[in-house]
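Student: I am new to this one. Can we go through it step by step?

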Amino acid sequence: MPRLLLHTCCAPCASGCIERLFAEEREFTLYFSNSNIGTREEFEKRLDAVCKLVSAFHLDLLVDDYDHERWIEEISRIEHYADLPERGIRCSACFDFSLGRTARKASELGMNFATTLTVSPHKKSALIFEIGNRHPHFESYDFKKRDGFRRSLVLSRELELYRQNFCGCEFSYRA
């Protein structure tokens with residue numbers, strides 16, 4: 001089975017996912033690709049937490065370039081994108097953007113890929129699978145299954161990982 005490139009949205013979500021991959025004796029590398037995050041400061045906070053997770057579990061990590069302007073350019077093709085509610089078409093475009101970047105990196109490395117996005121109860125796994133399957137070598141892991149989200153809560157508390165309260169884009173942030 002080919003090594004897996006695991007698109008990593010944040011450390012708390014990844015924590016539950018990596019536990020499952022370890023249980024399956026799967027070889028994998030984390031890929032932090034999150035140009036959707038609204039500020040460089042927030043991007044760095046989340047990356048620091050991922051680095052803490054990587055250190056705790058002795059994992060491999062690749063970091064995609066932060067290109068928020070490119071992300072904005074991509075989603076701005078959607079009419080009134082800034083005013084759309086969470087879990088709508090803007091989010092679908094965001095998933096496609098991140099999974100597309102992950103697919104390209106996986107292809108370059110000769111790997112399959114999956115995403116930690118499916119561990120969140122705020123994200124529809126079926127939609128993520130639909131988008132992921134547009135790209136070759138996508139593996140449909142539903143990390144919510146087998147208590148994945150609950151385990152992510154426990155592990156992120158144990159490891160004292162930064163746990164954000166919004167997806168990262170400036171349109172989802174509610175002060």
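Tutor: Start with a term: two strands pair if DSSP finds at least two bridges between them. Keep in mind that this is a predicted model.

Student: How many bridges join E1 to strand E2?

Tutor: E1 and E2, residues 28–32, run parallel. One place to look is His7, which stands opposite Tyr31 in E2. The number of bridges joining E1 to E2 is 5.

Student: In which sense do E1 and strand E4 pair?

Tutor: E4 covers residues 112–115. Leu5 stands opposite Phe113 in E4. Over 4 bridges, the sense of the E1 and E4 pairing is parallel.

Student: Which helix makes a β-α-β unit with E1 and E2?

Tutor: The unit is right-handed. Its helix spans residues 11–23. That is helix H1.

Student: How many residues of strand E1 are buried?

Tutor: Buried means under 20% relative accessible area. Strand E1, residues 4–8, is largely enclosed by the rest of the structure, because its buried residues number 5 of the 5.

Student: Which residues of E1 are buried on each side?

Tutor: In a regular strand the side chains alternate between the two faces of the sheet. Both faces of E1 are covered. One side holds Leu4, Leu6 and Thr8, and the other holds Leu5 and His7.

Student: Is Cys10 buried or exposed?

Tutor: The relative accessibility of Cys10 is 2%. The cut-off for buried is under 20%. So Cys10 counts as buried.

Student: How many helices and strands are in the protein chain?

Tutor: From the N terminus on, the order of elements is β-α-β-α-β-α-α-β-α-α. The protein chain has 6 helices and 4 strands.

Student: What percentage of the protein chain's residues count as buried?

Tutor: The protein chain has 175 residues. It exposes about 8900 Å², with 50% of that area from carbon and sulfur atoms. The buried share of the residues is 51%.

How values were computed:
Residues are numbered from 1 along each chain as its sequence is written. This is a predicted model: local features need pLDDT of at least 70, side-chain atom pairs count only at pLDDT 80 or more; totals for chains, interfaces and linings use all residues. Side-chain values use heavy atoms; hydrogens and water are left out. Helices (H or I, at least four residues) and strands (E, at least two) are DSSP runs, numbered from the N terminus. Buried means under 20% relative accessible area, exposed over 50%, partly exposed in between (1.4 Å probe, protein chains only). Accessible areas come from the Shrake-Rupley method with a 1.4 Å probe; for residues, only the protein chains shown count as cover. A crossover is right-handed if, with the strands pointing away from the viewer, the path from the first strand over the helix to the second runs clockwise.
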